[in-house]
Amino acid sequence: MREFARLFTALDQTTRTNAKVAALAEYFDRAPEADRLWTVAILSGRRPKRAVTATRLREWAAERAGLPLWLFEESYTIVGDLAETIALILPPPAEEVDLPLSHWIAEVRQLAALDEVAKKPRILAAWEALGGTERFLYNKLLTGGFRMGVSQTLMTRALSKATGISEPDLAHRLMGDWSAEATSWEALILTDDPTARLSRPYPFYLAYQIEGAAEDLGPPDDWFAEWKWDGIRGQLICRGGEHFLWSRGEELMTDRFPELAAARDWLPDGTVMDGEILAFADGHPLPFAALQRRIGRKTVPKKVLAEAPVVLMAYDLLEEGGQDIREIPFGERRARLTRLVEDLPPEAPIRLSPEAAFTDWTGLATQREGSREAGVEGLMLKRRAAPYLSGRRKGDWWKWKVDPLTIDAVMIYAQAGHGRRANLYTDFTFAVWDGPDLVPFTKAYSGLTDAEFNRITAWVRKNTLERFGPVRRVTPRHVFEIAFEGIQASTRHKSGVALRFPRMLRWREDKPVEEANTLADLEALLQQYG
Amino acid sequence: MAKPDLLTVAEAGIYCAAGDFYIDPWRPVDRALITHGHADHARPGHARYLATEAAAPVIRYRLGVAVETIRYGEERRIGSTNVSFHPAGHVPGSAQIRVEHKGEVWVASGDYKVAPDRLSEPFEPVRCDTFITECTFGLPIFRWQAEAEAMAEIDAWWAKNRAEGRFSVLGAYALGKAQRLLAGIDSSQGPILTHGAVENVNDVLRGQGLPLPDTLRVTPEIDLKEHPGALVIATPSAMGGPWMKRFGQASTAFASGWMALRGVRRRRAADRGFVISDHADWAGLGQAITETGATRVIATHGYTSVFRRWLEDQGYEAGVITTQYEGESLDAPEEDVVE
Ligand SMILES: [Zn+2]
Ligand SMILES: [Zn+2]
């Protein structure tokens with residue numbers, strides 16, 4: 001696994017895209033075929049499943065290190081990563097061996113089938129045989145949550161460099177339903193297996209948030225606008241009499257949204273649509289919370305089905321009559337999509353994402369102001385002449401979200417971060433005034449710069465009033481502007497509200513603590529937007 | 001009735017009533033005993049300073065104050081106590097301070113490192129009843145490799161960059177870490193440049209006779225083209241700023257104990273992180289404590305509450321005192337004060 005560890009370290013050590021691609025391409029050139037295939041699998045999110053529970057791993061690692069479990073747990077809190085904690089806490093290996101990545105993956109897959117008594121000696125033996133990064137990587141394979149910090153786009157670019165096959169071809173071949181056990185380098189990468197094509201989705205095209213002013217995009221006539229829906233992005237495929245629903249994370253969600261099975265009754269074979277899955281009733285989207293109740297469920301109870309029925313809000317057509325039409329300009333794709341969806345009866349679980357027609361940017365900005373009332377996140381802008389690209393790219397698609405809601409709040413508790421920010425206080429609890437009292441209403445841990453986290457950390461150390469385990473109560477002194485996307489009533493919170501995506505927008509050092517917002521201000525926001 | 005503690009924490013810092021002096025106080029006092037010159041331990045504004053002969057020049061330079069000196073191991077009567085300073089292995093001149101009163105012995109460790117490097121006076125264990133220990137890296141995830149191994153990693157990184165015609169910019173504290181690196185690496189490889197804050201401390205330490213390889217201060221006047229592939233020792237704060245621009249596509253690295261954690265390594269966004277600390281690792285803390293023979297151990301800066309529980313598990317009478325020392329913060333102001 002030394003070669004793979006070298007690759008991992010090279011990727012981990014640099015932030016430069018070209019260096020990452022070069023390291024990957026070199027690896028794809030040199031590593032054994034089985035290792036290359038597993039690397040592609042891991043980098044496209046097809047990781048081996050967890051082979052042993054985290055609880056046992058902690059116990060065995062603490063025991064092997066001769067440390068009490070509580071001390072292991074404290075260390076884990078700081079490191080923030082189980083595989084890394086174990087790698088660091090164990091004594092150095094007795095004798096290191098170098099076996100290929102595919103060997104260790106096979107080992108981990110075999111382990112999964114064994115009972116715990118049989119697993120333990122094999123895992124201990126592996127820890128004795130692997131040191132440093134290799135031990136860390138082995139633990140990552142064991143715990144099943146392995147990510148390498150390289151986007152699929154970069155991986156595809158490196159693969160293209162190493163094989164000479166074009167990037168779009170490779171990107172498409174790597175989509176959908178394949179596993180490293182069941183295929184080979186030859187079948188997956190070098191030749192295109194037609195039997196795999198039936199369920200295979202197209203790579204998603206992702207947009208960036210717009211950077212400057214919308215009018216900088218040029219003539220309004222070049223652009224198409226629609227709501228930016230607050231649901232789950234999905235690609236609906238109807239081929240060979242079957243249908244498949246894919247998430248942006250290439251997860252097959254077909255069974256989770258049984259309503260969409262009816263699409264087969266209405267859509268012709270050889271149709272692929274891009275759209276948003278929304279909980280939808282009486283012609284309106286329901287709040288994201290309604291959809292949330294269905295995420296993570298493999299089967300959906302009748303009651304939930306009735307309360308939060310879903311539709312696909314279609315906004316693009318990628319395949320028509322079995323033909324890949326991604327190269328056709330968006331304006332034309334949209335016209336074909338409209339023809340396809342317009343005449344569907346209301347019982348079909350497909351809606352057409354309506355156009356937000358506009359003649360000038362100011363007018364569109366006014367429409368955007370209505371986003372929150374309409375239950376959407378803002379607008380999407382799409383260039384009419386653009387093909388359907390893959391991955392996150394700038395230029396032809398832009399998100400134009402509404403500004404977040406904000407409130408000025410007082411920091412009252414601080415907790416150290418972990419992982420990247422193990423030595424800093426980064427997780428804060430915020431409160432608003434209720435008469436003379438401060439009522440906590442949200443936590444937030446992102447949005448400040450590293451320099452700001454450094455400063456607030458030094459301040460927290462010197463202004464701690466009380467400690468509860470890892471949490472410190474601090475002097476109420478600092479006001480932060482908290483931004484969030486939505487607000488709802490909640491019985492689980494003392495303040496009676498729950499926020500969606502709270503984060504720190506600004507450290508208001510100019511603002512005295514008495515001038516922070518009040519519970520009444522928060523309740524007013526709930527009245528208006530909840 | 002229990003005897004009062006020989007050392008206590010007062011408003012201004014760790015205080016000894018029997019000798020009427022403070023150790024590394026953070027507010028101005030009459031008499032300050034200073035373990036070493038880092039900014040969180042040696043602060044301005046005291047009336048009298050006492051430090052080791054090797055620590056004094058940097059303190060004088062940084063704070064512009066008069067410093068009375070003491071030799072390692074020399075015993076001095078202060079009030080009704082006997083006080084002596086002993087090598088802490090942290091930075092050149094750093095000391096643990098031993099305080100004896102009526103047969104009872106306390107040692108305040110300051111910052112310390114048990115494993116030797118090629119510059120600082122090696123750590124010496126001091127027998128005592130009560131040991132006030134730092135525990136910056138007081139968790140079992142911290143285990144330092146041998147000095148020679150760590151330095152070899154830096155040598156290899158520098159050699160590779162040199163071959164590619166790039167500068168190697170290495171971030172390290174201006175006082176201690178920077179000079180330890182200079183003394184430890186293979187300085188014959190090529191030219192070594194330094195940030196002004198580092199070079200100022202180099203000058204002071206050279207002046208007191210410490211052997212350091214030749215270095216060249218980076219100034220607007222020097223022509224970097226004359227020093228291709230040079231190693232550049234910089235302060236961590238300089239590395240984040242415009243000062244770095246002149247080195248173009250340099251390879252960057254940090255040397256710190258925090259680099260043991262992948263998350264912190266990644267946050268720094270440097271190409272490399274070398275795990276080199278001037279503080280004791282987990283095993284080093286354990287060894288130091290055992291060798292003092294102390295029955296009571298008090299933890300200061302670092303993972304104090306965890307460390308205290310561990311000590312109690314091991315059968316010590318353990319405590320925590322809250323100080324204003326900062327340990328090895330990657331972003332410590334230590335080097336900024338040296339400018
Ligand atoms: Zn220090
Ligand atoms: Zn310190």
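**Exercise 1.** Work out whether Asp111(B) and His301(B) are buried or exposed.

*Solution.* Start with the rule: buried means under 20% relative accessible area, exposed over 50%, and partly exposed in between (1.4 Å probe, protein chains only). Now apply it: Asp111(B) is buried, and His301(B) is too.

A quick note on what you're looking at: this is a predicted model, where local features need pLDDT of at least 70, side-chain atom pairs count only at pLDDT 80 or more, and totals for chains, interfaces and linings use all residues. Residues are numbered from 1 along each chain as its sequence is written, chains are lettered from A and ligands numbered from 1 in the order in which they are written, and side-chain values use heavy atoms, with hydrogens and water left out.

**Exercise 2.** Find which residues coordinate the zinc ion (ligand 2).

*Solution.* First, donors are N, O and S atoms within 2.8 Å of the metal (3.2 Å for Na, K and Ca); water is not among the atoms, so sites may look incomplete. Finally, their spacing along the chain reads H-x69-D-x189-H.

**Exercise 3.** Find what bridges the zinc ion (ligand 2) and the zinc ion (ligand 1).

*Solution.* Look at the zinc ion (ligand 1): its protein donors are His36(B) (NE2), His38(B) (ND1), His90(B) (NE2) and Asp111(B) (OD), lying 2.2 Å from it. Then compare with ligand 2: Asp111(B) bridges the two zinc ions, which lie 3.7 Å apart.
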